[in-house]
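Let's take a walk through this fold, one neighbourhood at a time.

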Amino acid sequence: MNTLVWVVVGVALYWLGVLLLGSKGLLPSYIGTQGPILTIHTQRGKKFLDWLATPKRLWRAWGNFGLGIALVVMLGSFLLLVVQAVVIVRNPPPATAATEPQNVLVIPGVNQFLPLSVAPEILFGLLVGLVVHEGGHGLMCRVEDIEIRSMGLATLAILPIGAFVEPDEESRQNANRGSQSRMFAAGVTNNFAVTVVAFLLLFGPVVGSVAVAPGATIGGSFDGSAADRADIGEGDRIVAVNGNAVEGNDDLQTVLSRTDDRTVTVTLADGGQKELRQSLLVTGVHPDSPFASAISVQRDNTTTVTEINGTTVHTESEFRSAVEDTPVVTLRTESGETATGPVGVLATVKSDGPGASDGMPADSTVVITAIDSERILNASDLSATTEDYEVGDNITVTAYAESDPGEYNQREEYEVTLGEGNDGSPVVGVLSTPGYSGLTFSSFGVQLYPAEQFLDLLGGEFGSLIGGVGGPIVSFLSGVLGVLLLPFATISLGSTYNFAGFVAWNSGFYTVAGGPLSFLGEWGLFLLANLLFWTGWVNLNLGFFNCIPAFPLDGGHMLRTSTEAIVSRLPTNQRHQLATMVTTTVGLVMLASLLLMVFGPQLLSG
């Protein structure tokens, strides 16, 4: 059974225990039950709220400001959920980790994107969110002279999952709609305020005191690779190869290209040294590659290329040398499989591009091996070569067209007039695949962890990474978006790894940079960064979720008061029925949309 099943079984057993205690009258009077949820009620704190609510004019101004924001977010939530539900129904996404129902739950260990190592930070952020949210409701109740019946905490077993302020229903109904609306919006307003404070501190002094440690940061190694055999993997940091310093991830390949040795000495950050014997491991193969027949059947295991046209190869540089002067080669793997085909850029010809206009087969796959007399081996070579030309220049493209699936026997030369790309650069008009004819290699065998990119996102630089944005407010909001995506970076950003904070093995990739908070040291600084990261992340999600216009969420209450305010101006005697119809309809649409978002990909993708 998977983790979600165990959680469901545990909740069911716990619920039965609560029911049994309740039936025997063993639960204290201040504890209530709502299904498997325990509610702990108290009257304490009301005098403090009365004192805090003294500057009523100030709090009402804050309430009006928050109400405006909450209504905008409520409308945006409605449109987003409806559009997403329609997209899922019309074009169901494939069932992936991102669409697993268990990953909707913000429970570390159950949600596979939230590791157990950050459970304390997530719990802290949740507690802060619950306190400020329900505290906001309670405070605004007293500002608007709405009596409070009770306050308390909602728990699932010992796990706090919510807090509540229970207004006196008669007192609430006697308050005007503006007072009620401000009271309902106060919780999400406070959540958004905590988010802003947390991220301002995170983007500023905290991340400003952190830097990426020198060396290549290793997130893992491919099974059966040279690094795997040398016991180099998760959490290691390579600072030198054969005595040549490695300053960062980009520097590793540069240093490796300077040596032709098959066996190299790798120095790690802890001072240890490893002897690594390089071999040309295939890390990926496109199904349309001319060499897929020799490699695709081996993809569940490790596949190593050992020979090109009878020449032994162990590294990528040796592979390039072996194919440099020969467009069509015979490749042999360690298991003895062979395949023959052209080596170049595996690409699809765009039907609306200049290549298709000048005779290249539109929407078909080709292997481009040369531009004029320049040999082309991969997409990087293609980009570098076309940059030497101008838009409108005529070039000769040598390519092998696909005659049968995976067969590229037909050599053609096309006279192409270069077109203009989106960035103004000259283009042939093809969509290129990574690697050499759809094959990607790694002679070293490590998977690099994007420590520098994650730190940039954590510092609020998401806008600049995606093309630049203007203004401090827009820049801040784009930075918040980047942080929201970090725990799901493998899905949202196409990264190899997710980022959950400075925890476990990845904390060794960062160091104190001498910023304003460097006096905290690595342990204190990373703990503060993690707390701010998850407090902001949780509070923002709490605010958005509670703005959904459906009962019993705050958005449902705001929808009702807003609808009643509009309906009260209509010339009808059925205002109450009309308001009820609107709120019920919107609530049902939201429920259906949420169910489709959670379960739709699993049910409809098949």
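**Two helices crossing**

Start with helix α3 (residues 56-90) and α18, which pack at an angle of about 100 degrees with their axes 11 Å apart. The axes here are lines fitted to C-alpha atoms, for helices over the stretch in contact, and angles run from 0 to 180 degrees between N-to-C directions. Angles under 35 degrees count as roughly parallel, over 145 as roughly antiparallel, 65 to 115 as roughly perpendicular and the rest as oblique, so α3 and α18 come out as roughly perpendicular to each other. Helices, by the way, are DSSP runs of H or I with at least four residues, strands are runs of E with at least two, and both are numbered from the N terminus. At the crossing, Leu67, Ala70, Leu71 and Met74 of α3 meet Gly555, Met558, Leu559 and Ser562 of α18, where a contact is heavy atoms within 4.5 Å.

Before going further, a word on what you're looking at: this is a predicted model, where local features need pLDDT of at least 70, side-chain atom pairs count only at pLDDT 80 or more, and totals for chains, interfaces and linings use all residues. Residues are numbered from 1 along each chain as its sequence is written, and side-chain values use heavy atoms, with hydrogens and water left out.

Now for the greasy parts. A nonpolar core is a set of buried Ala, Val, Leu, Ile, Met, Phe, Trp, Tyr and Cys residues joined through side-chain atoms within 4.5 Å. Buried means under 20% relative accessible area, exposed over 50%, and partly exposed in between (1.4 Å probe, protein chains only). The largest core has 70 residues, and Leu202, Phe499, Phe502 and Tyr510 touch the most other members. Helix α6 (residues 177-206) gives the most to this core, with 11 residues. A second, separate core of 21 residues includes Val285, Val313, Ala322 and Leu439.

Zoom in on Phe499. Leaving aside neighbours within four places in sequence, Phe499 is in contact with Tyr449, Phe454, Leu458, Leu486, Pro487, Asn506, Tyr510 and Phe533. Phe454 and Leu458 are also among the buried residues of helix α13 (residues 451-458), along with Ala451, Leu455 and Leu457. Looking down the axis of α13, these buried residues fall within an arc of 160 degrees, so they line one face of the helix; the arc is that of the directions from the helix axis to the C-beta atoms.

Over in strand β17 (residues 365-371) you'll find Thr369. What counts Thr369 as buried is its relative accessible area of 2%. Beyond four places in sequence, its contacts include Pro327, Pro342, Glu374 and Tyr400.

Most residues other than glycine have a negative phi, and most peptide bonds are trans. Asp231, though, has a positive phi near 60 degrees, and Ser437 has one near 50 degrees. The bond from Phe551 to Pro552 is cis, with omega near 5 degrees.

Finally, how many disulfides are there? With a disulfide taken as a pair of cysteine sulfur atoms within 2.5 Å, the count is 0. The sulfur of Cys141 is 17 Å from the closest cysteine sulfur, in Cys547, so it is too far for a bond.
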